[in-house]
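Me: I have a sequence and a model open on my screen and would like to go through them with you. Can we take it step by step?

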Amino acid sequence: MAHWKEAAVTNDGVEMLNEWMAGRKITIVAAFGGTGTVDPELLAEQTGLVDMRQELYLLGEENGADGKTVQVQVQNADVMMEYELNQVGVYAALDVNKDKDNPEEIRAKMKLLFIMQDEKGVTIPAAMDASFLLELYCMIGITNNGRFEVSVSAAGIVTAAYLREVLERTIAAHNADPGAHNSLAARMLAIETALNGSGTIIQAGDPTVETVGQKGQHYINSETGAEFECVEVNEDGYIWNPVEDGKSVRDLLGALGNAETTLADVDARLGLLELMYRTQVNGNPFTVSFSDMSGLVVTGVWNETLKRVEF
């Protein structure tokens, strides 16, 4: 079923549009969304929404040969509780200047220009539950018999610009937060301390005799990736030498990862043994690990890396 097919210019809207055609200035000043519907035949008589829930965003309006196009954006950034969006109302005022006039005076003069509704509705989630964005393009035109008519089309749920803005804002806030990766930093420091007795220093440029460190501590040049180890601390300063092959922090962490893989393999073998000896089997017991396919005939594809048969 098509959405937003029930739409009408209100009686107040017809009066304002007639004044506009006579030369007066009409300005779109606000849009609101709400829940609830009325009989479609009564839409033109409405002066407001059944149950107004939030103010919407007006992205722009454009006058054309066929009428006026208004772009309305529905966001849920300020929505505290989920609701069903059934009605959207666009309000206008005559002879106002949004850049100069008092906003309260403009709001006092505004009237419902047109209203659209969708009985099925669109669920607007609370901001804390999920992000939501919907754009509606509303065209107010004049029919062949001189009547004003509204047509509505829904654009994509999210725009690239909106997504880019949200991502940039989120990433910037994340990067500015010194505690964004506290748990990861703590784990890395614990591993580095266990391996070398202290945390690794990561800075631009190579270390000098003035670069403070302690014996056994490592240093990584963030610009070149070169790694050094503090081999001595004496009255001349701190002595840093390039690390030998296989002794860099990255090599040690890689070896640790291999050790964890080995431990995982041992854990899997223990689980298999527990399964073999704790499970009551009636008949002739047998065990297949799929580490290789020697002597086996199976249906499926053998995944050698994961040591399993896939179907």
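What follows is a conversation about this predicted model.

Me: Let's start with the overall make-up; how many helices and strands are there in the protein?

Reply: The protein has five helices and 15 strands. Of its 311 residues, 31% count as buried, and among contacts between residues at least 6 apart in sequence, 57% join residues at least 24 apart.

Me: Where in the protein is confidence lowest, and where is it highest?

Reply: Confidence is lowest in helix 5, residues 249-278, where the mean is 55, and highest in strand 3, residues 51-55, at 95. Across the protein the average pLDDT is 77, with 65% of the residues scoring at least 70.

Me: Over which residues does pLDDT stay under 50?

Reply: That is the case over residues 155-162, for which the model has 15 contacts beyond four places in sequence.

Me: On to aromatics, then; how many aromatic pairs does a search of the whole structure find?

Reply: The search finds three aromatic pairs.

Me: Which residues do ring pairs link into a cluster?

Reply: The cluster consists of Tyr219, Phe228 and Trp240, linked by ring pairs. Phe228 lies in strand 12, and with a relative accessible area of 11% it falls under the 20% cut-off, so it counts as buried.

Me: What does Phe228 touch, not counting residues up to four places away in sequence?

Reply: Phe228 touches Asp206, Pro207, Gln217, His218, Tyr219, Trp240, Asn241, Pro242 and Val243, a list that includes the ring partners Tyr219 and Trp240.

Me: What about Val231, where is its place?

Reply: Val231 is in strand 12, which runs over residues 227-234. Val231 has 31% relative accessibility, so it counts as partly exposed. Leaving out residues up to four places away in sequence, Val231 touches Lys215, Ile239 and Asn241, and its C-alpha atom is separated by 6.1 Å from that of Gly216, 15 residues away along the chain.

Me: Switching to cysteines, how many disulfides does a search of the whole structure find?

Reply: The search finds zero disulfides. Cys138 is at 0% relative accessibility and so counts as buried, and for Cys230 the value is 0% as well, which also makes it buried.

Me: Next is Glu135; why does it count as buried?

Reply: Its relative accessibility is 5%, and because buried means under 20%, Glu135 counts as buried. Glu135 is in strand 8, residues 133-142.

Me: Which side chains make polar contacts with the side chain of Glu135?

Reply: The side chain of Glu135 makes a polar contact of 3.0 Å with that of Gln71, and another, of 2.9 Å, with the side chain of Gln73.

Me: And Thr123, what is it in contact with, leaving aside neighbours within four places in sequence?

Reply: Thr123 is in contact with Glu82, Tyr83, Glu84 and Phe132, and a polar contact of 3.0 Å joins its side chain to that of Glu84. Thr123 is found in strand 7, residues 111-124, and at 37% relative accessibility it counts as partly exposed. The C-alpha atoms of Thr123 and Thr35, which are 88 residues apart along the chain, are separated by 9.9 Å.

Me: One last stop: which residues are buried in helix 1?

Reply: In helix 1, residues 11-21, Gly13, Met16 and Leu17 are buried. They cover an arc of only 100 degrees around the axis, so they sit on the same side of helix 1.

Me: What follows helix 1?

Reply: Helix 1 is followed by Gly23, whose phi is positive, near 120 degrees.

Conventions:
Residues are numbered from 1 along each chain as its sequence is written. This is a predicted model: local features need pLDDT of at least 70, side-chain atom pairs count only at pLDDT 80 or more; totals for chains, interfaces and linings use all residues. Side-chain values use heavy atoms; hydrogens and water are left out. Rings of Phe, Tyr and Trp (its six-membered ring) pair if their centres lie within 6.5 Å; planes under 30 degrees apart count as stacked, over 60 as edge-to-face and the rest as tilted. Buried means under 20% relative accessible area, exposed over 50%, partly exposed in between (1.4 Å probe, protein chains only). Helices (H or I, at least four residues) and strands (E, at least two) are DSSP runs, numbered from the N terminus. The arc is that of the directions from the helix axis to the C-beta atoms. pLDDT is the predictor's confidence in each residue, from 0 to 100. Contact means heavy atoms within 4.5 Å. A disulfide is a pair of cysteine sulfur atoms within 2.5 Å. A polar contact is a pair of N or O atoms within 3.5 Å; within protein, one must be able to donate a hydrogen and the other to accept it, and residues adjacent in sequence count only if both atoms are side-chain atoms.
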